[in-house]
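Hi there,

Here is the structure I promised to pass on. Have a look at it first, and then read my notes below.

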Amino acid sequence: MAKTEHNCKDAHCALHGSLSTHGRSFVGTVINSKMQRTANVEWARTRTIHKFERTATERSRVKAHNPDCLSAKKGDLVKIQECKPLSKTKTFVITEILGQNIAYLARERLLEEAKMPVKKEEKEEAVEAEQ
């Protein structure tokens, strides 16, 4: 865990507080950070289906504590580690921000564009441009 210059006053911060980490650690993408000091983190894992001799890709999602000194945002690639239960569903804490997950951000942008309705005038201009 790399110490950051900014000292936070969060007791549940793995870097500056008294929270100890142990057990499992994962690298995943923040998919939601709208809750107070909490982020949803998702990562892909492969599972073997022995009957068909194939592997399937599945996603795991957990809630992790998002300290003020790190404040990970949607689309960030983060490292999370297991800690004591902080609430009913939070048993992980974000310990490091590794960068941006560009593929995730591009997929989100395309999904947003697909939701927007296209005006009739724009459709007509697109048809004329094709011809």
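Let's start with one side chain: R61 is exposed, with a relative accessible area of 54% (buried means under 20%, exposed over 50%, partly exposed in between, with a 1.4 Å probe and protein chains only). Before going on, please keep in mind that this is a predicted model, where local features need pLDDT of at least 70, side-chain atom pairs count only at pLDDT 80 or more, and totals for chains, interfaces and linings use all residues. Residues are numbered from 1 along each chain as its sequence is written, and side-chain values use heavy atoms, with hydrogens and water left out.

Now the salt bridges. A salt bridge here is a side-chain nitrogen of Lys or Arg within 4 Å of a carboxyl oxygen of Asp or Glu, and the whole structure has eight of them. One joins E42 and R61, with the closest N and O atoms 2.6 Å apart. E42 sits in strand β2 and R61 in strand β3, so this pair ties together parts 19 residues apart in sequence.

Next, the aromatic rings. Rings of Phe, Tyr and Trp (its six-membered ring) pair if their centres lie within 6.5 Å; planes under 30 degrees apart are stacked, over 60 edge-to-face, and the rest tilted. That rule gives two aromatic pairs. F26 and W43 have ring centres 4.3 Å apart and planes at 15°, so they are stacked. F26 belongs to strand β1 (residues 21-32) and W43 to strand β2 (residues 38-49), so the pair bridges 17 residues of sequence. F26 is partly exposed at 22%, while W43 is buried at 12%. F26 and F92 are 6.0 Å apart at their ring centres with planes at 55°, so that pair is tilted. F92 is buried too, at 3% relative accessibility. Together, F26, W43 and F92 make one aromatic cluster.

Cheers

Conventions
Helix = DSSP H or I, 4+ residues; strand = E, 2+ residues; numbered from the N terminus.
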